[in-house]
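This report examines selected charge contacts, strand pairing and backbone geometry. The sequence and the structure are shown here.

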Amino acid sequence: MKNLQLVALGAIAVVLIGCSKSESVKTVLSPSVAQAAEHLTVDKVILTDSMTIIDFSFTPGPEGSWVRIAPTASISADGGKKLQIIGTKNIPMGETPTETFMFRDYTFSLIFPPISRKAKSLDFAEGGEGGWTIKGINLDGKSTTVAYADTAANREYAALALAYEREVQRLEAQREAQHKRELAAAQQASQQKFYCKLCGKEFPSIKAMYAIGERCYSHPTGKYGDPWGKHVPY
């Protein structure tokens with residue numbers, strides 16, 4: 001999935017930075033929903049050639065709250081296939097949550113792959129236990145379609161996509177380096193031989209040394225067939 005995110009985000013960044021005059025944006029303002037999520041409001045849905053952006057408002061209770069979005073979040077248009085989240089704005093994804101304050105709306109955006117401009121409705125599901133679910137986001141309501149090449153919103157989301165891509169690449173490189181270290185350690189351990197410091201017998205591994213039925217006859221109790229007369233590694 002990380003590799004897919006890298007490809008998607010790279011494509012998004014390239015298209016956004018170098019988009020042409022012919023690209024257009026459909027913005028659906030305050031869409032109605034068939035099934036809402038508690039404390040969560042869909043403020044806007046933005047459909048571009050490169051991505052789908054959903055702007056949300058979260059209204060916490062009297063004691064405030066903590067918010068984050070699960071990396072399993074997805075959308076589906078008109079009951080079609082699920083499209084996995086590829087970025088966020090103003091909310092962490094699968095990390096330490098952000099604190100919100102009582103009775104104060106907290107706004108954030110989620111970014112997904114593009115969908116058809118002809119889509120009638122959109123379903124959103126965060127996934128996981130207790131995740132947000134919103135069904136039937138109406139895309140046929142009040143909307144505006146504008147053509148643009150270089151706007152503040154365009155530059156902002158392009159920068160976001162690039163920053164997210166770099167973070168994914170950094171984590172992938174970190175994980176790959178850790179994997180190589182673990183592999184090298186495992187290979188070194190597999191080549192290491194173990195000896196019993198009492199009888200001097202050689203073993204290919206600690207597991208073999210402590211195998212069922214293996215006893216050290218130089219051990220004080222091992223001489224008498226005691227099963228606890230085990231070898232002592234060094």
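What order do the four strands of the open sheet have? The order is S6-S5-S10-S11, and the pairing is antiparallel. Helices (H or I, at least four residues) and strands (E, at least two) are DSSP runs, numbered from the N terminus, and two strands pair if DSSP finds at least two bridges between them.

The model is a predicted one, in which local features need pLDDT of at least 70 and side-chain atom pairs count only at pLDDT 80 or more, while totals for chains, interfaces and linings use all residues. Residues are numbered from 1 along each chain as its sequence is written, and side-chain values use heavy atoms, with hydrogens and water left out.

Within S6, Leu83 stands opposite Ile75.

**Salt bridges**

Side chains of opposite charge can pair when their charged atoms come close. A salt bridge is defined here as a side-chain nitrogen of Lys or Arg within 4 Å of a carboxyl oxygen of Asp or Glu. A search of the whole structure finds three of them.

| Salt bridge | N to O distance |
|---|---|
| Lys44 and Asp55 | 3.9 Å |
| Asp49 and Arg117 | 2.6 Å |
| Asp140 and Lys120 | 3.7 Å |

The salt bridge between Lys44 and Asp55 links Lys44 in strand S2 (residues 40-47) to Asp55 in strand S3 (residues 52-58), eleven residues apart. Accessibility is classed by relative accessible area: buried means under 20%, exposed over 50%, and partly exposed in between (1.4 Å probe, protein chains only). Asp55 is buried at 12%, whereas Lys44 is partly exposed at 28%.

The side chains of Asp49 and Arg117 meet in a salt bridge. Asp49 lies in the loop between S2 and S3 and Arg117 in the loop between strand S9 (106-112) and strand S10 (121-125), so the pair ties together parts that are 68 residues apart in sequence. Asp49 is partly exposed at 45%, and Arg117 is partly exposed at 25%.

Asp140 forms a salt bridge with Lys120. This pair joins the loop between strand S11 (133-138) and strand S12 (143-147), which holds Asp140, to the loop between S9 and S10, which holds Lys120, 20 residues apart. Asp140 has a relative accessible area of 48%, and the value for Lys120 is 48%.

**A buried lysine**

Lys26, in strand S1 (residues 24-29), is buried yet has no salt bridge. Its nearest side chain of opposite charge (Lys and Arg count as positive and Asp and Glu as negative; His and the chain ends are not counted) is Asp140, 5.0 Å away. The side chain of Lys26 does reach the backbone oxygen of Arg117 at 3.4 Å.

**Positive phi angles**

Most residues other than glycine have a negative phi. His39, not a glycine, has a positive phi of about 70°; His39 lies in the loop between S1 and S2 and is partly exposed at 40%. Asn90, also not a glycine, has a positive phi of about 70°. Asn90 is found in the loop between strand S7 (87-89) and strand S8 (98-100), with a relative accessible area of 46%.

Technical notes:
Polar contact = N/O pair within 3.5 Å; in protein donor to acceptor, adjacent residues only side chain to side chain.
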